[in-house]
Amino acid sequence: QVKNKAPAEVQITAEQLLREAKERELELLPPPPQQKITDVEELNDYKLRKRKTFEDNIRKNRTVISNWIKYAQWEESLKEIQRARSIYERALDVDYRNVTLWLKYAEMEMKNRQVNHARNIWDRAITTLPRVNQFWYKYTYMEEMLGNVAGSRQVFERWMEWQPEEQAWHSYINFELRYKEVDRARSIYERYILFTALVLVHPDVKNWIKYARFEEKHSYFAHARKVYERAVEFFGEEHMDEHLYVAFAKFEENQKEFERVRVIYKYALDRIPKQDAQNLFKNYTIFEKKFGDRRGIEDIIVSKRRFQYEEEVKANPHNYDAWFDYLRLVESDTDAETVREVYERAIANVPPIQEKRHWKRYIYLWINYALYEELEAKAKRTRQVYQACLELLPHKKFTFAKMWLLYAQFEIRQKNLPLARRALGTSIGKCPKNKLFKGYIELELQLREFDRCRKLYEKFLEFAPENCTSWIKFAELETILGDIDRARAIYELAIGQPRLDMPEVLWKSYIDFEIEQEEYEKTRNLYRRLLQRTQHVKVWISFAQFELSAGREERLPRCRQIYEEANKAMRSCEEKEERVMLLESWRSFEDEFGTDATKERIDKLMPEKIKKRRKLQAEDGSDAGWEEYYDYIFPEDTANQPNLKLLAMAKLWKKQQQESEAAAMDPDKDIDESQT
C-alpha cells in the first residue's frame, strides 16, 4: 500500500524513460549465431525453410511486391534462374502494372546474359505498358550495347508510333547522330515537327529552333534558313514568339547577313506586343551597337519608345499626356503623313463628358495639331484644323477663347483680315467671354481702328457692366484719343452702376484721371461723393494727402480740416485699428508740417494700448478658454464716459493702500529713514 500519494518532487517524463532505456540498451537482442552448412542435406533443409518463409509471407499478403522481389532475388543468388523466373511470372500475374517488377525481371535476365529472354521481357513490357518511357529507354540502350543498331532503330520506330513526348524524339535523333546518320536525323526532325503541328494545340517554338540549329551545326545553312522561314510562316502573326526571331536573327548575324538581321528585328518589333518583346529589344540594341551606325541605334531607341507609347494609349485612349509624349516623339523623327495620322488618332478621342475640366488637356491636341500644320505643312490644312475644332466644341455649354484667338491670329498671319474679324465676331455672337472681347479689342487697337474699338467696348460693357477693368480701359482709350468729356462721361456711367466687381479701383482711377486733368474741385467733389458711400479710413487718408499735394497756400488748413472731419466721423467706428491708423497718419503730418501746439494736441488724441482677456466659445457652444488681446482707449472716449474715470481713481486708491500696508509691516525701515 502506498501511504504517501502526493506527487514526487522530481517528475520523470515518458521521453526521459525512453532515453534511459536506449542508453542502457535494455531491449537490444543479441545477434543470432552464424550457421555453417556442411553437407547437401543441411543445405536442402535450409532452402526448404527459407522457401517456406517466403511462401508464407507471400500467402499472407500477395499484393506486397517487395516480398516477391526478395524471393526472386534470393533464388537468383542461389543460381536458381528457373525458379526466379517462375516467381517473377507469378508476381506479374498478381500485378502486371508494377514497373519495378518488370525492371527487376529484365535486369536479372541481362545480368545472367539471357539476351533473348530479356528481349522477350522488354517486348512484353512495352506491349503491356507502352506509356512507360523507362522500358523503351532500357530496351533501346540494351540493343545498342549489344551492337544491334538495326534492332535499336526498330524499337525506336515502334516507340515513335505511340507519339511520345519531346525527349523521346530527341533521344532517337541523338541515337542516329551517334552513328553519323544525318539524313535519318533530319527525317526524324521533320516527322517530329509535323507531329507537333498536327497534334499539339500550342506547339512549342523551341523544337523549330533546335531543328534549325541542328542544320546549322552540320553546315546546312540553306536548310537552316528554310527551317526558320517555315517556322515564321507556321506560327504567323497570331502566335508570334520573340525567341524564334531572336534565334533567326542570330543565325543571320553569324552568316554576316546584317541587312536580313535588321529586317527580321523590325518585322518582329512591329508585330509583337511591347511587354512580350523585352528580350527582342535588348538583342536588337546589342546588334545595332555592334554592327550599326548612330542612326540605327537612334532608330531602335525611337521604335522602343514608340511601342511604349502605343501600349499606353491602347490601355487608356483618353490619357492625353501619353498622346502628347507620343506626338513629340513622332514629330521629331518621322514624316508628315505619319505625324498627321497620329494626330488624327489622338483628336478622335473626344472626352465623353461635356464639362470643361475634362476638355482642358484635350484642346491642346488641336492647338498643337494646328501649329504643326502651319509650321510644317500648308496653311489650307491649318484652317481646316481650326474650323473642325471650333465646330466640335459645345459652345452653348462652354468654349475656349484661346482657340478663337489663335484662329484669328493665324488668319492675320495669312494676311486675311476679314476672316479674322469674322471669326472673332462669330465667337462673340455665339459665346461672349471677357477674354474674347479683350483679344478682339487688342487686335483692333494694333490696327488703329479706334471706332471699332469703341463699338467693341460698348458691346463688352453691355455684356459685363460690372467689369471695372473694362470701364477703366475704355476711359483710358478716350483719354489717349484726347476726348476728355467722353472719358469723364464713361467714368460717371461706371460709378453709377448698381453692381461692380472692384469699385475701389474704379473710383481711384476716376480720381487719378481728374488729378491728371488738374480739376481739383471736381476731385474734391468725387472724394465727397465717395465718402457718402463709404467711410473707410484709406479714403480719408487719401483725401488728406490729395489736399496736401493739390493746393499751395491753403493746403495745410485744408488737410488738417480733413483729418478733423475724419476723426469725428471715425469716433463711432467699431474698428479701432482704423482709427489708430488715421491718428498715426495725422501725427506724421503734424510732425512734418505742424506747430508745437498742434503736435501736443494730436499727442493727447492718441489712444492708450491695454491688454484684455475675453472668453472663447467653441462651435458647439462649449467653453473654449480665454484669450488675450490688445484694446485701445481713446482720451476723447474717456472724457465722455465717467465710469472710466471712476475706475482709474479706484486703481490709484488701491495702489496707495498697498504702499501704506507695506510701510506698516516694516517699522524699522521707517526709523532708519527718519534718522537719515
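I looked up Tyr245 first. Leaving aside neighbours within four places in sequence, Tyr245 is in contact (heavy atoms within 4.5 Å) with Val232, Gly236, Met240, Ile264, Tyr267, Ala268, Ile272 and Leu280. The model is predicted: local features need pLDDT of at least 70, side-chain atom pairs count only at pLDDT 80 or more, and totals for chains, interfaces and linings use all residues. Residues are numbered from 1 along each chain as its sequence is written, and side-chain values use heavy atoms, with hydrogens and water left out.

Next I checked the cores. A nonpolar core is a set of buried Ala, Val, Leu, Ile, Met, Phe, Trp, Tyr and Cys residues joined through side-chain atoms within 4.5 Å. Buried means under 20% relative accessible area, exposed over 50%, and partly exposed in between, with a 1.4 Å probe and protein chains only. The largest nonpolar core has 77 residues; Phe135, Tyr228, Leu244, Tyr245 and Leu280 touch the most other members. Apart from it I found another core, of 52 residues, with Val339, Trp366, Val385 and Ile441 among them. In soluble globular proteins, nonpolar side chains tend to be buried together.

Then I turned to the whole protein. I counted 36 helices and two strands. These are DSSP runs numbered from the N terminus: helices are H or I with at least four residues, strands E with at least two. Buried residues make up 37% of the 676 residues. Of the contacts with a separation of 6 or more, 47% join residues 24 or more positions apart.

The pLDDT, the predictor's confidence in each residue from 0 to 100, averages 78, and 82% of the residues score at least 70. Over residues 669-676 the pLDDT is below 50, and this stretch has one contact beyond near neighbours in sequence. Where pLDDT is low, the predicted coordinates should not be read in detail.

Helix α1 spans residues 14-24 and holds Leu17. The count of buried residues among the 11 residues of α1 is zero. After α1 comes Glu25, with a positive phi near 55 degrees.

My last stop was Glu75. Where is Glu75 found? I located Glu75 in helix α3, residues 65-77. Is Glu75 buried or exposed? Glu75 is buried, with a relative accessible area of 0%. Leaving aside neighbours within four places in sequence, Glu75 is in contact with Arg51, Glu80, Arg83, Ala84 and Ile87.
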